[in-house]
Amino acid sequence: MPGTRGFVPRVLLYHASRDLVPLYSIYSLLFADHGISAADISLLLIIWSATSFVFEVPSGAWADSFDRRHLLVVSAFVYAAGFATWMTWQTFSGFALGFVCWGLSSALMSGTFESLVYDELVERGAPDRYPWLIGWAQSTAMLANLVATVVAAPLLAAGGYPLVGWASVAICGGQALLAATLPVSEAARRPSHDTPLAETERATSRYLAMLRAGLAESRHHPDVRRVLLLASAMVGLTAYDEYFPLVARSHGVTTADIPLLVAITVAGQVIGTALVGRTSRLPARAVGALLGGGAVLVSLGALVTPYVGFVGIGIGYGMLNNAMLVGETRLQDAITGPARATVTSVLGVLEEVVALLVYAAFVVGSHVLGFPALVALLAVPVLVVAALVARHLPPAGRVVDDSSLGAPPS
């Protein structure tokens with residue numbers, strides 16, 4: 001079996017580029033400074049999640065039917081178009097259209113990337129490396145996000161929102177180039193001798209077959225169904241990271257300093273996701289404790305003075321991200337059918353449903369409470385989910401010897 005040495009760096013570079021976006025840490029401030037109210041910011045986030053919701057499962061079936069690499073290239077270009085829209089049309093409608101592009105891009109990538117990685121590792125004889133590699137991929141992405149967040153401060157000082165925004169658009173173009181270096185599936189390598197009409201009919205038939213297979217496994221496979229419900233709640237309920245810049249502003253932090261505080265939370269994500277290879281086999285009780293402890297730290301951090309508080313948020317958010325990735329790796333272990341990307345996209349749909357509920361709660365709650373209090377209150381449902389995870393999360397399905405893996409090869 002071929003090794004993973006050449007494959008791993010390409011995966012890490014591609015996935016890191018997704019979050020090397022300086023605009024991430026300040027886009028909510030961009031909206032606020034262009035007259036978008038707190039409630040309308042949450043409405044924009046709802047539009048974002050709703051778009052991902054609509055396209056998530058269809059895009060998963062596309063990824064099971066066609067060349068996944070091509071979908072990732074398209075995803076990057078749509079991503080760039082969304083940020084370009086924010087720079088050229090700075091009204092509620094323009095920001096909404098940008099979020100539609102972002103949501104479509106996320107749907108095209110969600111499920112596609114994870115399935116490409118998992119199936120490629122199976123083909124290379126190393127499926128047990130998936131938790132380790134996906135953890136490092138998330139960690140390098142968060143490290144890239146940390147760099148982008150820190151860089152956002154001087155970019156903002158030098159050229160304001162336009163410099164930050166157009167730099168982000170350029171980085172998305174680089175992501176498309178990196179996506180083009182990822183492996184091509186075996187099915188895509190095989191030449192087709194069909195006529196164009198027969199090729200279209202065959203592709204349509206395969207698409208519908210993958211869609212049916214993925215939805216059937218999501219509904220009827222007990223472990224898959226259980227992990228889908230638990231993991232979607234774990235991820236969706238922690239969608240409050242979009243509000244961290246507004247939490248800092250509520251505590252009186254200046255716009256120029258906010259990216260530096262947000263960088264603390266990203267640093268927590270870097271550490272938390274990097275450790276997934278070592279925590280992927282934790283028992284359900286430990287995963288539940290990790291999730292619950294992280295939620296409490298984030299909530300306490302949101303309520304206290306920002307500089308100390310954001311350290312707590314960073315540690316807690318790292319714990320949450322670790323637990324979330326453990327849940328997602330359990331899903332990959334549980335999937336046994338051919339429609340891996342479709343099932344993974346069902347997870348994305350369920351995550352968006354939960355996130356939509358969170359954003360809707362912020363729309364209503366922002367009329368009564370500030371962002372720190374709203375973020376703190378989310379600990380209540382997360383603790384309920386943590387208790388369910390401790391009781392019902394299936395065990396890991398594969399044995400991984402982390403000591404033999406070491407650091408990711410260069």
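Trainee: What does Asp223 count as, at 29% relative accessibility?

Mentor: In this predicted model, Asp223 counts as partly exposed at that 29%, where buried means under 20% relative accessible area, exposed over 50% and partly exposed in between, with a 1.4 Å probe and protein chains only. Local features need pLDDT of at least 70, side-chain atom pairs count only at pLDDT 80 or more, and totals for chains, interfaces and linings use all residues. Residues are numbered from 1 along each chain as its sequence is written, and side-chain values use heavy atoms, with hydrogens and water left out.

Trainee: OK, and which residue does Asp223 form a salt bridge with?

Mentor: Its partner is Arg226, with the closest N and O atoms 2.9 Å apart; a salt bridge here is a side-chain nitrogen of Lys or Arg within 4 Å of a carboxyl oxygen of Asp or Glu. Arg226 is likewise partly exposed, at 34% relative accessibility.

Trainee: Why are Asp223 and Arg226 separated by about one helical turn?

Mentor: Because they are three residues apart in helix α10 (residues 222-236), a helix being a DSSP run of H or I with at least four residues, and a strand a run of E with at least two, numbered from the N terminus.

Trainee: Switching topic, how many salt bridges does the count come to?

Mentor: Four by this rule, among them one between Asp33 and Arg249 at 3.5 Å, which links helix α2 (residues 27-33) with helix α11 (residues 244-250) across 216 residues.

Trainee: And Arg124 with Glu120, are those two side chains buried or exposed?

Mentor: Arg124 is buried at 15% and Glu120 is buried at 8%, and their side chains meet in a salt bridge of 2.9 Å, N to O.
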